[in-house]
Amino acid sequence: SMTMIEPFTLNASPVRAYDSRAAGGRISAGQERDIPLKTNGGVPDGATAALLNITVTETSTAGFLKVFKPGVAVPAASNINWDHEGSNVANNATVVLDAEERCRIRCGGTSASTHVIVDVLGWYR
C-alpha cells in the first residue's frame, strides 16, 4: 500500500533526537529500539514522516542498520552498512512514523554492535 506524504518542513538546523552514548547504550545484532523523534523538538505532534541523518559510531565488527516504522515488517534493505570495527558512517533516511512520532532501528550482522545517533533534518505532516 502507498502512503501519501504531505508538504515537507525543513528544521532551521538539525535536531539531535537520540544519542545512544547518552541514553540506552549500544545496540547489538538482532536488537530493535524505538526512537522518539519529538525529543528536543525534532518533529511536532502529528508528524507522519521524517527526514533523518543517522550515524553509527564506535562500531564493533561489520554490520548494518535498518530504520523503519514501528509495527511494520522489518524491511529487506538496510540504511547504513559498515565493514569494520571503529567505523563512523552517516546516511540520510526518510521514514514513516507511528502515531507517537517514533521510528524503529534494528541492528544486523553476525555479532555487530554500535552506538547510534539520530538527527532530525525535517518532517512531513
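Guide: Glu-101 lies in the loop between strand 7 (89-96) and strand 8 (102-108), where a strand is a DSSP run marked E of at least two residues, numbered from the N terminus. This is a predicted model, in which local features need pLDDT of at least 70 and side-chain atom pairs count only at pLDDT 80 or more, while totals for chains, interfaces and linings use all residues. Residues are numbered from 1 along each chain as its sequence is written, and side-chain values use heavy atoms, leaving out hydrogens and water.

The phi angle of Glu-101 is near 60 degrees, a positive value in a residue other than glycine. Glu-101 counts as buried because its relative accessible area is 5%; buried means under 20%, exposed means over 50%, and partly exposed lies in between, with a 1.4 Å probe and protein chains only. Glu-58, in the loop between strand 4 (49-57) and strand 5 (63-68), also has a positive phi, near 55 degrees, but Glu-58 is partly exposed, because its relative accessibility is 41%.

Val-43 touches Glu-101, and its other contacts include Leu-37, Leu-97 and Trp-123, not counting residues up to four places away in sequence; contact means heavy atoms within 4.5 Å. Val-43 also leads us to the largest nonpolar core, which has 26 residues, and Val-43 is among those that touch the most other members, together with Leu-37, Leu-52, Ile-54, Leu-65, Leu-97 and Cys-103. Such a core is a set of buried Ala, Val, Leu, Ile, Met, Phe, Trp, Tyr and Cys residues joined through side-chain atoms within 4.5 Å. Among the strands that each supply at least two residues of this core are strand 7 and strand 8, on either side of our loop. In soluble globular proteins, nonpolar side chains tend to be buried together.

Now follow the chain into strand 8, where Cys-103 is the bridge partner of Ile-35. Strand 3 (32-36) and strand 8 pair in the antiparallel sense over five bridges; two strands pair if DSSP finds at least two bridges between them. Both belong to an open sheet of four strands in the order 3-8-5-6, with antiparallel pairing.

Counted as pairs of cysteine sulfur atoms within 2.5 Å, the disulfides here number zero. Cys-103 is in none, as the nearest cysteine sulfur, that of Cys-107, is 14 Å away. From the side of Cys-107, the closest cysteine sulfur is likewise that of Cys-103, and 14 Å is too far for a bond. Cys-103 counts as buried because its relative accessibility is 0%, and Cys-107 is buried too, because its value is 1%.
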